[in-house]
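These notebook entries record what I looked up in the structure, in the order in which I looked. I began with the strands and then turned to the helices, the loops and single residues.

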Amino acid sequence: MVSMPEPVIKMIKQSDSHKVLATVSPDGKPHAIVCASLWVKGDDTIVLGEVFMQRTAMYLQKNRNAEFLVWLGRNAYSIKAVLTDRKTEGVEYDKMCTYLDKFDFTTIAVWEFKVLEVWDESASKTGGTQVI
């Protein structure tokens, strides 16, 4: 596992940044969803609330690899990660429930991912380069 650089962590934490999770179906087809509840838990861990993730949850049970795309304006990062845990109780779960209740969403679970790689996907000369 690797530590995310501060600019990546900052972008994930920004409420106005865009966040997408990509997984792969058992037959190899890509699947992407919007992530309204993506959080940083330490510099090497990403946490995501499961709300409307029927296919995503099914795909992650078969293949724990995932990729997050986070962007704001021209700056963007791709974060390759692996699912390490799915929690339906505990501190992280309670925190997510409190957050998602504000939007009238019911939290099913909290997914925890360890970061494997970070790539710069910005619309710039550094786009396409591995950050870590």
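**Entry 1: Strand E7 and its partners**

I first noted that strand E6 (residues 75-87) and E7 pair in the antiparallel sense over 10 bridges. The model I am reading is a predicted one. Within this pairing I found Asp 85 opposite Glu 112 of E7.

Strand E8 (residues 129-130) is antiparallel to E7 and is joined to it by 2 bridges. I recorded one of these contacts by name: Asp 120 has Thr 129 in E8 as its bridge partner.

**Entry 2: Strand E1 and its partners**

I next followed E1. It pairs with E5 in the antiparallel sense over 5 bridges, and Leu 21 stands opposite Phe 68 in E5. E1 also pairs with strand E2 (residues 30-34), antiparallel and over 5 bridges. In that pairing Thr 23 has His 31 of E2 as its bridge partner.

**Entry 3: Helix H1**

In helix H1 (residues 6-13) I found Val 8, Ile 9, Met 11 and Ile 12 to be buried. Seen down the axis of H1, these buried residues fall within an arc of 160 degrees, so they line one face of the helix.

The face of H1 turned away from the buried side carries the exposed residues Glu 6, Lys 10 and Lys 13. I then asked what covers the buried residues of H1. The cover includes strand E1 (18-24), strand E3 (38-40), E4, strand E5 (65-72), E6 and E7.

**Entry 4: Helix H3**

I repeated the search for helix H3 (residues 91-101). Its buried residues are Glu 92, Tyr 93, Met 96, Cys 97 and Leu 100. They cover an arc of only 135 degrees around the axis, which puts them on the same side of H3. Val 91, Thr 98 and Asp 101 are exposed on the other side of H3. Among the elements covering the buried residues of H3 I recorded E3, E4, E6 and E7.

**Entry 5: The loop between H3 and E7**

I looked up Thr 107, which lies in the loop between H3 and E7. Is Thr 107 buried or exposed? Its relative accessibility is 6%, and it therefore counts as buried, since the cut-off for buried is under 20%. Not counting residues up to four places away in sequence, Thr 107 touches Glu 50, Tyr 93, Met 96, Cys 97 and Leu 100. I also noted that Thr 107 and Gly 49, 58 residues apart in sequence, are 6.5 Å apart in space, C-alpha to C-alpha.

Asp 104 is placed in the loop between H3 and E7. With a relative accessible area of 71%, Asp 104 is exposed. Its phi is near 65 degrees, a positive value in a residue other than glycine. In general, most residues other than glycine have a negative phi.

Phe 103 is in the loop between H3 and E7 too. I found Phe 103 partly exposed, with a relative accessible area of 45%. Phe 52, Phe 103 and Phe 105 make a nonpolar surface patch of about 320 Å².

**Entry 6: Leu 83**

Last, I looked up Leu 83 in strand E6. At 4% relative accessibility, Leu 83 counts as buried. Leaving aside neighbours within four places in sequence, I found Leu 83 in contact with Leu 60, Arg 64, Trp 111, Glu 112 and Phe 113.

Conventions: Residues are numbered from 1 along each chain as its sequence is written. This is a predicted model: local features need pLDDT of at least 70, side-chain atom pairs count only at pLDDT 80 or more; totals for chains, interfaces and linings use all residues. Side-chain values use heavy atoms; hydrogens and water are left out. Two strands pair if DSSP finds at least two bridges between them. Helices (H or I, at least four residues) and strands (E, at least two) are DSSP runs, numbered from the N terminus. Buried means under 20% relative accessible area, exposed over 50%, partly exposed in between (1.4 Å probe, protein chains only). The arc is that of the directions from the helix axis to the C-beta atoms. Contact means heavy atoms within 4.5 Å. Patches are made of residues with over 30% relative accessible area and no salt bridge: like charges are joined within 9 Å, nonpolar side chains (Val, Leu, Ile, Met, Phe, Trp, Tyr) within 5 Å. Accessible areas come from the Shrake-Rupley method with a 1.4 Å probe; for residues, only the protein chains shown count as cover. A salt bridge is a side-chain nitrogen of Lys or Arg within 4 Å of a carboxyl oxygen of Asp or Glu.
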